Amino acid sequence: MCASVKYGSRGPALIPRMKTKHRIYYITLFSVVLLGLIATGMFQFWPHSIESSAEWSLDRRSVHDAPLVRIPMSSPIPERGDLSCRMHTCFDVYRCGYNPKNKIKVYIYPLQRFVDEVGVPISSTGLSREYNDLLSAISDSDFYTDDVTRACLFIPSTDVLNQNSLRIRETAQALAMLPRWDKGMNHLLFNMLPGGPPDYNTALDVPRDRALLAGGGFSTWTYRQGYDVSIPVYSPLSAEVDLPERQPGPRRYFILSSQTAIHREYRVELERLKEENGEALLLLDKCSNLSQGLASVRKRCYKGQVYDYPQILQESSFCVVLRGARLGQATLSDVLQAGCVPVIMADSYILPFSEVLDWKRASVVIPEEKLPEMYTILKSIPHRQVEEMQRQARWFWEAYFSSMKAIGMTTLQIINDRIYPYAARTYEEWNNPSVVKWSSVNSPLFLPLIPPRSPGFTAVVLTYDRIESLFRVITEISKVSSLAKLLVVWNNQNKSPPEESLWPKVTVPLKVVRTKENKLSNRFFPFDEIETEAVLAIDDDIIMLTSDELQFGYEVWREFPDRLVGYPGRLHLWDHEMGKWKYESEWTNEVSMVLTGAAFYHKYFNYLYTYKMPGDIKNWVDAHMNCEDIAMNFLVANITGKAPIKVTPRKKFKCPECTAIDGLSLDQTHMVERSECINKFASVFGTMPLKVVEHRADPVLYKDDFPEKLKSFPNIGSL
Amino acid sequence: MQARKKYVLLGLCMCCWLLLYYWGGLQERLLGLITHKRGEVARPWPSWLDRDLLPGYADQAELQNDGGSGDSPRQRRQSWAGIYKDSRCRMDTCFDFARCQGQSGFRVYIYPPEKGERVSESYHKILTSVVESRYYTSDPREACLFVLGIDTLDRDQLSTQFVPNVDERIRGYPLWNDGRNHVIFNLYSGTWPNYTEDLGFNVGQAILAKASLNTEHFRPGFDISIPLFSKEHPQKGGERGWLVRNTVPPRRKYLLMFKGKRYLTGIGSDTRNALHHIHNGKDIVSLTTCRHGKDWEKHKDTRCDHDNQEYERFDYQELLHNSTFCLVPRGRRLGSFRFLESLQAACIPVLLSNGWELPFSDVIQWNQAVIEGDERLLLQVPSTVRAVGIDRVLALRQRTQMLWEAYFSSVDKIVLTTLEIIKDRVYSHISRNKFMWNALPGGLLVLPEYSTHLAHYPFYYLNLGISPGQEFTAVIHATSPLVSQSQPIMKLLQVVSKSKYCSQIIILWNSEKPPPHRSKWPPMPVPLIITDGRRKVSIQTSSRFLPHAAIETEAVLSLDEDTVLLTSEIDFAFHVWRSFPERIVGYPPRSHFWDPVKKAWGYTSKWTNEYSIVLTGAAFYHRYYHHLFSHYLPSSLRVLVDRTSNCEDILMNFLVSSVTNLPPIKVAQRKQYKEMPTLQGTKTAPWVNPEHFTQRQECVSTFASWFGYMPLVHSQFRLDPVLFKDHVSVLRKRYKDLERV
């Protein structure tokens, strides 16, 4: 646009100066050029849309228009899968390379329709809806790359989900014709229905060299542990039927069998169980009076009574999943969706995603031989555990079974975890449903360790300008025997700390750190100067703590190194009238926070506070110049799930948590602000992590009738 | 002039044309961006227009019918047993489950040693562990599992400990049965130069518990990979992990270290030969020496002299203590001693041993404790370990310690873990899940017979995000006959039943006299159950910790019949217990100490500044400890307790502390929890007897020797109510009664 306007303004200015006889010539030339320009412009705009509309038209974008490839009869056939293949022998890890994101790159071959020499396709169905969904999902994901040279994993577009629809030999030849096949290295095939009559192999029969197989229905003899991936047999029914999660509670039946193709021997045994236990068992079968087709798929019968499938699965606590001709059963997916605990009886079956999923938490696996004992075995499972398993089963379905996308992504993630094991997902990430995730703890300091006394602790004194008080605090603390170092955080940028000679003489190293900004968060910075695990955060006006009290606090911290161990305790309460949290500093029987004006804690929490504090809490604290201690209490309680420890009796602290001026009105606004903090933090954390307890720690002989001089900590609680 | 203008004009036109061309091109790109969401450009896998017309991969009826019902299951099982043998063994086909279904359950039999049989030190330890385990039986008829008496640990033919003719000998055993239900322990297989997995005899259908197992030969779900351990590895107890503190940042002096042999030729030399490449002399220390074997100088290359010199400069132990990560490359075999060494040293192992089936890989989630490297990618190791964040280093390091202490620190633990894994397979529906195996305190302390439900154990509340129940069961141990209504037990019953958290009271009647009739007991607001614990021969003190089925709550309040407590003391202790459900929480503190003169552990009931025992005469704990006490501890200890009618409370403290590694918790001020004995009493309380006290001293020593270490830990604090003895109105205090004690 811009260009043509420019041309328009310049053009007429030039033309009048020219001689008339040339004018026509130039006008003609100009018109031609202009026309050419327009034509080019049109060509630029139009062809694209013409092309894309052509692509969008039915004939260009149909699977039937994928290029046809003829397989010569003599085309090479890959070798049968090598059972000894493992990631370190059959997988080219160099293709994956070092990757800062620790993510493998997956390439999908463009769709081709393979036919043999006479033009018969290699597959009776061609691309199936499920495989198409799977490939779409992968190409939408972070794993995908369209650059074949950067790919680590290759996925053929040839659909081998169902072996029944394949011509084995030709499919194998088609695979070998893929441009990057290279003995199947780093190729991944998805198959759900392996084998065929009469003996039903448990892995895809298509010869595939070294290709990885994501298969449904592996047996322990065909599954190459750590190489193949066992996947579920997808049940298309789940896309059709919407089964909302059922709330925990009693269910009508105890055991339900809904499979139609159960071997006669098993049906006899199930019927015997039914005779013994009556109504608790429901034994369903095909409906004989219904014609074949969709109707029969969605109905089950028992003695003429018709039940809706899969809805009926929700009525039972346990649902039987027996092997048929194949080990993998689509029923498993239906059962999980219904939140019914699967009772899996398929000897040697490798359960789907068993490499990462802990099936013991969602299912009961019983050897086929023990079918007659099924009832007794299931009855012995505690009721609460059954409910837990039902929830877990449903969650497994949602996360790993519900769609081809879920199945595909899980498979790739498993392979990804093998290639970058140091960045692999943890057991908890795979197996703990999200409900548990936010309520459970994830502290890297989970080991019950009582650290040695000798390294002592580092006292971090936050100060602004109360030098006199600061010096008193320093003198007091320096009497504590386990003090290792004093660190003064000088938060006043306008004033320099006093000269070295003016500071009180102490036996331990004393360091002053000047900060760039007057922020409360500075007190929780993980200074390199802090070399001990234990940190004593202390305000510059806490002069009332005795050295016995401080030493005792340190001893208690050693027994609770993952908690805040502090002196003044506070409480949060739910205000029913206002419908929100309230801060309480009165004399209460309970404690849920300790003030960090005087508290011991692990240096790790400094690191967490500075770098891992969720949301904008840190900024909020610095902006309000308040609540850094509440934030710390939230942080620690959230990651450990534990309450803080208040030590020693209550003392009258010199208004430890308010600013310089005393006064009732100020006190009240202070309380309101603190309450606000609690509400704000609870909303950022998404939960209320603080835990309320009714105890505090005292020395064993506190207030005992015992000679004072024999007590380790005699000077406790005195003012 | 004319021509110039002409050219200017033409040039201008050309410019415009080009501009328009590029602008058009830009348009095209913009168009691409707009349509990006439809995946036109970024996604070559198209959205087929006829997507909805695509056929399903299988007909639903086909999925449900699944090609019919298959062969007869009975026939299939029979034919399997014939096909899947030897190298394709699985529990289903090579293990006789019927042997384990008997009354006695899971029992392990050891072949008696033959005359003149030489057994190596390590194998002797393994056998001792089995014999001392609760699964041992001397009767082969009730055995489910068999362990050979022949030492099979070292199958290197060049080794001095190699036992010849194993094949012939085991074939002679009437119980051998082609190895079915046998477990064979092995640490070294194969020999120079290839170090194959061959044991030199046919293991048949026996389960291999073998070190350095290769994934290719490993029969999944059947064999068990065990760690390589030295002959100095302790029988019991074992050293704790070396991690005592968690400094932040967690980096140690060195980032990564290796010190070991470099193989110039032969198997494993590829990796060992390359290790020196990552050595930088600063934070990565990778030292190799050629000086090993007899004829090293023959193969020596140009690096050798320099390397050997550098090698001497660093001390292995010093590196182990001061390195964040430790390289654990394969040697000739896949496993090496340094694996356990670095695990114990909390030096995070970086494995370079392709194809090694990690120890107990069935149950342990190794990726939470080690960095699994790839021999092919040695040069990536430095950048990989540098990228590990602070939190992960801390977590990995703690997990090394957890695994070391739970499964590896002694031969006992290694052997027991092996047996428990097999047992879990045999009784798969009463087995531990992966969570139990990988969370504290480890799988060996979780007895699935008790429950398979996580919430039934005292250890997992935090992980599950739940709290223990709101009620407790009081268990009163009664030994003296009921003669008067003013007896202490009557008072105690009143006090306990008044607690609003008490859901039931159980009286364990352990007196010579039969328990009095129900009507003799006072009416109670809670159910009262009287269990007759009398035995014909003698009173069994340990029966107070039997896992009585009647106990329905998680919390147990254990009381002696003459305990004196207030209701509010009980309530407060219960509150504290709910915060520490894995510990013993109670009133009477005691302490242990090391007596340097006698060189033995001592026991004291004096008031001191610290305590390590809380007597179970007035204490809360989780009911699971009843189960552990009765089933985990060896019967020898329980017999000792029964014989002396003493020490059961100390033993319980040993047990709980060995599980938690933490001290018990003393609550509030009360220490004296019994009334002083009155002279009129027909029978004096046993604890005033001086002999009673000596017995307790001995108990502490005996228990410590069974555990292999002293599990008790001292604590210096007690927990009081928040306002305890504070200068504030009594009306504000919830537990005001406690101050009157």
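How much of residues 103–387 of chain B is helix and how much is strand, and how far apart are the end C-alpha atoms? Over that stretch the chain is 21% helix and 16% strand, with the end C-alpha atoms 55 Å apart; helices (H or I, at least four residues) and strands (E, at least two) are DSSP runs, numbered from the N terminus. This is a predicted model, in which local features need pLDDT of at least 70 and side-chain atom pairs count only at pLDDT 80 or more, while totals for chains, interfaces and linings use all residues. Residues are numbered from 1 along each chain as its sequence is written, chains are lettered from A and ligands numbered from 1 in the order in which they are written, and side-chain values use heavy atoms, with hydrogens and water left out.

**Record for chain B**
- An unreviewed UniProt entry lists residues 103–387 of chain B as "domain: Exostosin GT47"; UniProt positions are given here in the numbering of this structure, feature names are shortened, and annotations may be inferred rather than shown by experiment.

**Chain A overall**
- The secondary structure of chain A comes to 20 helices and 25 strands.
- Of its 719 residues, 60% count as buried, where buried means under 20% relative accessible area, exposed over 50%, and partly exposed in between (1.4 Å probe, protein chains only).
- Among the contacts (heavy atoms within 4.5 Å) in chain A with a separation of 6 or more, 76% come from residues 24 or more positions apart.
- The accessible surface of chain A is about 29,700 Å², and 54% of this belongs to carbon and sulfur atoms; such areas come from the Shrake-Rupley method with a 1.4 Å probe, and for residues only the protein chains shown count as cover.

- Apart from its neighbours within four places in sequence, B:Tyr460 is in contact with B:Phe435, B:Met436, B:Ala439, B:Leu440, B:Val446 and B:Leu454.

**A covered helix in chain B**
- In helix H19 (residues 624–631) of chain B, seven of the eight residues are buried, among them B:Tyr624, B:His627 and B:Phe629.
- The buried residues of H19(B) pack against strand E15 (555–560), strand E20 (618–622), helix H20 (635–644) and H21 of chain B.

**Strand E23 of chain A**
- All five residues of strand E23 (residues 598–602) of chain A are buried, with A:Ala598, A:Phe600 and A:His602 on one side and A:Ala599 and A:Tyr601 on the other.
- Strand E18 (residues 534–539) of chain A pairs with E23(A) in the antiparallel sense over five bridges, two strands being paired if DSSP finds at least two bridges between them.
- Within this pairing, A:Phe600 is the bridge partner of A:Leu536.
- Strand E19 (residues 565–566) of chain A also runs antiparallel to E23(A), joined by two bridges, and A:Gly566 has A:Ala599 as its bridge partner.

**An open sheet in chain A**
- Three strands of chain A form an open sheet in the order E5-E6-E7, with parallel pairing.
- Strand E5 (188–191) and strand E7 (229–230) are the edge strands, each pairing on one side only.
- Four bridges join E5(A) to strand E6 (residues 212–215) of chain A, and A:Phe190 stands opposite A:Ala214 in E6(A).
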